[in-house]
Amino acid sequence: MNLRAGLVAAAALLLPLAAAVPGHAATSAPTAATAFAGSCPAAGVVTQGYSSTHDGVDIANSLGTPIYAVGAGEVIASGPAQGYGQWIRILHPDGTVTEYGHMYQRDVSVGQQVAAGQRIALMGSEGDSTGVHLHLRVRVGTSTSIRGIDPVPYLRDRGVGLPCTPGGGGGGTTTVTAWTQANVRSCAARSCDIVSTVYPNESYPAHCWVVGESVTDEGITNDKWVRLPLNAGGVGYVSAIYLKGDETGGVTTRC
Ligand SMILES: [Zn+2]
């Protein structure tokens with residue numbers, strides 16, 4: 001094999017992750033209330049967690065650090081805001097709202113649809129802030145009069161542990177190989193939206209595994225699902241029963 005052919009073959013290995021299956025996704029069962037697969041909001045150090053006096057989590061890094069949408073959704077606010085200096089609010093399909101504050105620059109406007117992991121802003125120290133950081137608040141519903149919920153378990157439920165690495169939700173990187181064609185879904189159950197597909201004998205980067213819905217095939221039952229980064233941004237989950245290797249597809253890290 002010459003060098004050029006080798007490069008093409010290597011590139012082809014990554015392509016199937018970009019190939020979503022819109023027909024299947026459009027006809028899948030209602031999933032409006034299903035927790036979406038999350039993306040890392042920003043690289044940085046968690047300097048303050050959620051408490052009775054702090055409605056959100058602070059992630060600190062240097063001025064201009066990119067900030068990414070935690071999940072797909074609609075931008076319902078983008079502009080100046082009391083205390084925040086500037087804020088962005090994104091309404092997700094599951095009815096939750098993520099709020100981003102203190103940004104130095106905003107890249108999105110009201111009414112815009114964003115993808116999970118899409119860059120929306122640059123980190124700053126605008127407003128009521130003592131240093132460059134992202135204040136991330138999560139609310140259930142669009143009301144601003146109710147207190148938010150703890151973003152850490154909210155993110156964990158969506159496959160993101162803090163601190164995280166943008167582009168994949170964090171965790172170590174390993175590789176899995178599918179033995180058959182299988183759907184990659186937005187969360188670890190067959191009722192979740194199909195977001196991509198894996199193909200036989202192709203290898204894919206993977207982050208970690210979670211316990212999800214039990215899947216039985218050829219007399220074997222397996223409740224482990226492996227989290228993969230998607231080329232389109234964000235993450236997806238595939239039942240490990242469709243992956244070569246042990247019951248976690250050879251992935252040793254639990255999410
Ligand atoms: Zn804060």
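## Notebook: contacts and sheets in a predicted model

Started at Asp223: this residue is partly exposed, with a relative accessible area of 24%. Next I looked up the partner of Asp223, and found a salt bridge to Lys224, with the closest N and O atoms 3.1 Å apart. Buried or exposed, I wondered about Lys224? Lys224 is buried, because its relative accessible area of 12% falls under the 20% cut-off.

**Entry: the other contact of Lys224.** I found that Lys224 also forms a salt bridge with Glu247, and here the closest N and O atoms are 3.4 Å apart. Where do the two residues sit? Lys224 belongs to strand S16 (residues 220-229), while Glu247 lies in the segment after strand S17 (235-239), so the contact ties together parts that are 23 residues apart in sequence. I noted Glu247 as partly exposed, at 47% relative accessibility.

**Entry: salt bridges in general.** How many salt bridges does a search of the whole structure find? I got 9. One of them pairs Arg89 with Glu99, and the closest N and O atoms of that pair are 3.1 Å apart. I placed Arg89 in strand S5 (residues 85-91) and Glu99 in strand S6 (residues 96-101), 10 residues apart. Arg89 and Glu99 are both buried. Then I followed shared partners, and this gave me one network made of Asp55, Arg89, Glu99, Arg137 and Arg139.

**Entry: the 7-stranded sheet.** I wanted the strand order here. The sheet is open, has 7 strands and reads S1-S2-S10-S6-S5-S4-S8, with antiparallel pairing. Which strands stand at the edges? I have S1 and strand S8 (113-114) there; each has a single partner strand, so one side of each is left without a neighbour in the sheet. I then checked the contact between S1 and strand S2 (residues 57-60): the two run antiparallel and are joined by 3 bridges. Across that pairing, I found Gln48 opposite Asp58 in S2.

**Entry: the 3-stranded sheet.** I also wrote down an open sheet of 3 strands, ordered S3-S9-S7, again with antiparallel pairing. Its edges are strand S3 (66-68) and strand S7 (105-106), and each of these pairs on one side only. For S3 and strand S9 (residues 119-122), I noted antiparallel pairing over 3 bridges. Ile67 stands opposite Ala121 in S9.

**Entry: disulfides.** A reminder to myself: a disulfide is a covalent bond between the sulfur atoms of two cysteines. How many does the structure hold? I found 2.

The link between Cys40 and Cys164 has an S to S distance of 2.0 Å. I asked which parts of the chain this pair links. Cys40 is in the loop between helix H2 (22-27) and strand S1 (45-48), and Cys164 is in the loop between helix H3 (151-157) and strand S11 (174-177), so I logged these as distant parts of the chain, 124 residues apart. The link of Cys40 and Cys164 is right-handed, with 75° about the S-S bond. I have both Cys40 and Cys164 down as buried.

Cys187 is joined to Cys192, with an S to S distance of 1.9 Å. What is the hand of the link of Cys187 and Cys192? With -75° about the S-S bond, I noted this link as left-handed. Cys187 and Cys192 are buried.

**Entry: rings.** I looked for aromatic pairs and the structure holds 1. The partners are Tyr84 and Trp87, with ring centres 5.6 Å apart and planes at 40°, so I put the pair down as tilted. Both Tyr84 and Trp87 are buried.

Definitions and conventions:
Residues numbered from 1 in each chain as written. Predicted model: local features only at pLDDT ≥ 70, side-chain atom pairs only at ≥ 80, totals over all residues. Heavy atoms only, no water. Phe/Tyr/Trp six-rings, centres within 6.5 Å; stacked < 30°, edge-to-face > 60°. Buried < 20%, exposed > 50% of the residue type's maximum accessible area, 1.4 Å probe, protein only. Disulfide = S-S within 2.5 Å. Helix = DSSP H or I, 4+ residues; strand = E, 2+ residues; numbered from the N terminus. Pairing = 2+ DSSP bridges. Salt bridge = Lys/Arg side-chain N within 4 Å of Asp/Glu carboxyl O.
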